[in-house]
Amino acid sequence: MAEETSATDPVHIPLIEADRPSSKLAEFSANEPLELDAGTELAPWQIAYETYGELNAEKTNAVLVCHALTGDQYVASSNPITGKPGWWTRMVGPGRPIDTDRYFVICANVLGGCLGTTGPATTNPATDAPYGLKMPVVTIRDMVRAQARLIDRLGIDTLFAVVGGSMGGMQVLQWAASYPERVFAAVPIAAGARHSSQNIAFHEVGRQAIMADPDWCGGAYIAAGKRPTKGLSVARMAAHITYMSDESLHQKFGRNLQDRDDLTFGFDADFQIESYLRHQGMTFVDRFDANSYLYVTRAMDYFDLAAEFGSLPAAFRDSKTRFCVMSFTSDWLFPTSESRAVVKALNAAAANVSFVEVDSDRGHDAFLLDVPEMFSTIRGFITGAANARGIPAPGGSD
């Protein structure tokens with residue numbers, strides 16, 4: 001018998017957001033299917049999004065921000081589940097490099113996500129139960145297709161800029177390759193044109209942790225009134241290690257003990273880093289769906305622009321898009337070599353590209369943190385692109 005829970009319990013709050021998000025929602029009927037790379041169609045379907053700022057009369061100032069693996073549409077506003085501020089308020093907002101006083105900023109929850117866009121936690125209208133594993137596997141290109149349909153719905157022909165880091169950077173590259181005529185400027189940060197075997201391996205460890213949890217119930221845990229919190233927590237812990245650098249872990253934690261003077265000679269969290277990772281894991285499970293984690297990590301694994309277009313330069317052939325590619329020196333998840341490969345391909349395609357490797361010891365997550373060189377670089381790039389577009393440059397200063 002399924003355990004009884006109230007509508008305010010953590011098990012139910014994400015489910016409410018999965019079907020009826022607190023954000024804006026674009027719904028597409030059964031007559032408006034979304035074609036998927038898996039060879040099937042999704043219909044009906046929906047995409048949840050937030051907007052900031054105002055669209056100008058010419059509709060030339062729209063900026064699409066693409067979120068990373070565990071991000072969401074609340075880029076510059078409070079998350080309805082956690083109550084925490086938007087995940088990129090340093091970058092997006094009044095006077096910020098992506099200035100909401102000057103630009104119309106759009107951020108959508110990705111396809112396969114769990115905060116309002118159709119995903120495994122969404123109710124399948126054919127069964128009146130969550131999709132679970134009956135949801136078709138999706139790709140980065142599917143995510144971008146869904147976003148393009150949203151942009152169409154908003155009546156916008158071309159985007160001034162598409163910006164994102166990590167999985168968001170993958171979406172930026174896919175946008176530029178799939179819809180070059182619709183993207184004036186592209187800013188892929190801490191990303192690559194395909195997922196490496198090492199990254200696929202880390203994702204597989206996380207997926208196996210989730211599927212090994214007895215409360216996963218073969219993916220049908222929602223119907224069973226359960227949640228695979230232990231497996232999802234371990235998946236998050238393993239992934240979080242890859243987002244940091246050895247130097248940042250050493251500076252933040254070293255080998256410091258957690259609330260004790262001596263080793264316990266047991267398996268409690270003796271070290272601060274252990275306590276930190278456990279906290280990261282347990283807070284994550286209250287805001288994210290386990291099946292969504294399977295689907296979105298799989299989408300990243302399948303991403304490979306060179307395979308899609310025959311070669312990486314071919315993906316950007318004749319592109320008129322302006323590119324600013326950015327990497328971080330201590331990022332070992334998406335090392336600078338991945339960004340250089342993209343830049344080399346863009347140069348081979350005679351595209352307009354600038355490249356910046358930012359010196360940072362913060363690891364992959366540097367794109368979410370207070371890294372002044374990143375902000376000044378993007379402000380400068382957006383300013384130049386805005387001048388070329390004939391729209392106002394960002395205000396304020398970093």
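**The largest pocket**

Mentor: Five helices, α4 (197-212), α5 (229-243), α6 (246-252), α7 (272-284) and α8 (290-302), each supply at least two residues of the lining of the largest pocket. Helices (H or I, at least four residues) and strands (E, at least two) are DSSP runs, numbered from the N terminus. The model is a predicted one, in which local features need pLDDT of at least 70 and side-chain atom pairs count only at pLDDT 80 or more, while totals for chains, interfaces and linings use all residues. Residues are numbered from 1 along each chain as its sequence is written, and side-chain values use heavy atoms, with hydrogens and water left out.

Trainee: Which helix gives the largest share of the lining of the largest pocket?

Mentor: Rolling a probe the size of a water molecule over the atoms shows where empty space is left. Here α5 gives the largest share of the lining, seven residues. A pocket is an open set of points on a 1 Å grid over the protein atoms alone, where a 1.4 Å probe fits, with protein on both sides within 12 Å along at least five of seven lines; lining residues have an atom within 4 Å of a point.

Trainee: How much space lies in the largest pocket, and which residues are the closest to its centre?

Mentor: The space is about 1200 Å³, a volume filled by probe spheres set on the points, which are joined across faces, edges and corners. The lining has 48 residues, and W87, R236, R287, D365 and L368 are the closest to the centre of the pocket.

Trainee: How many aromatic pairs does a search of the whole structure find?

Mentor: A pair of aromatic rings is described by the distance of the centres and the angle of the planes. The search finds eleven pairs, where rings of Phe, Tyr and Trp (its six-membered ring) pair if their centres lie within 6.5 Å; planes under 30 degrees apart count as stacked, over 60 as edge-to-face and the rest as tilted. W88 and F367 are edge-to-face, because their ring centres are 6.3 Å apart and their planes stand at 85°. W88 lies in the loop between β5 (62-66) and β6 (92-93) and F367 in the loop between β14 (352-358) and α12 (372-389), so this pair ties together parts that are 279 residues apart in sequence. W87, W88 and F367 form one aromatic cluster.

Trainee: Is W88 buried or exposed?

Mentor: Buried means under 20% relative accessible area, exposed over 50%, partly exposed in between (1.4 Å probe, protein chains only). W88 has 1% relative accessibility, so it counts as buried, and F367 is buried at 2%. By contrast, A201, which lies in helix α4, is partly exposed with a relative accessible area of 42%.

Trainee: Which charged end sits over the ring of F284?

Mentor: A charge sits over a ring if NZ of Lys or CZ of Arg is within 6 Å of the ring centre and within 35 degrees of the ring normal. The charged end of R236 sits over the ring of F284, 4.7 Å from its centre. R153 lies over the face of F28, at 4.1 Å from the ring centre.

Trainee: Which residues of the largest nonpolar core touch the most other members?

Mentor: A nonpolar core is a set of buried Ala, Val, Leu, Ile, Met, Phe, Trp, Tyr and Cys residues joined through side-chain atoms within 4.5 Å. In the largest, of 73 residues, I106, W175, Y293 and F316 touch the most other members. A second, separate core of 35 residues includes A68, M326, V358 and A386.
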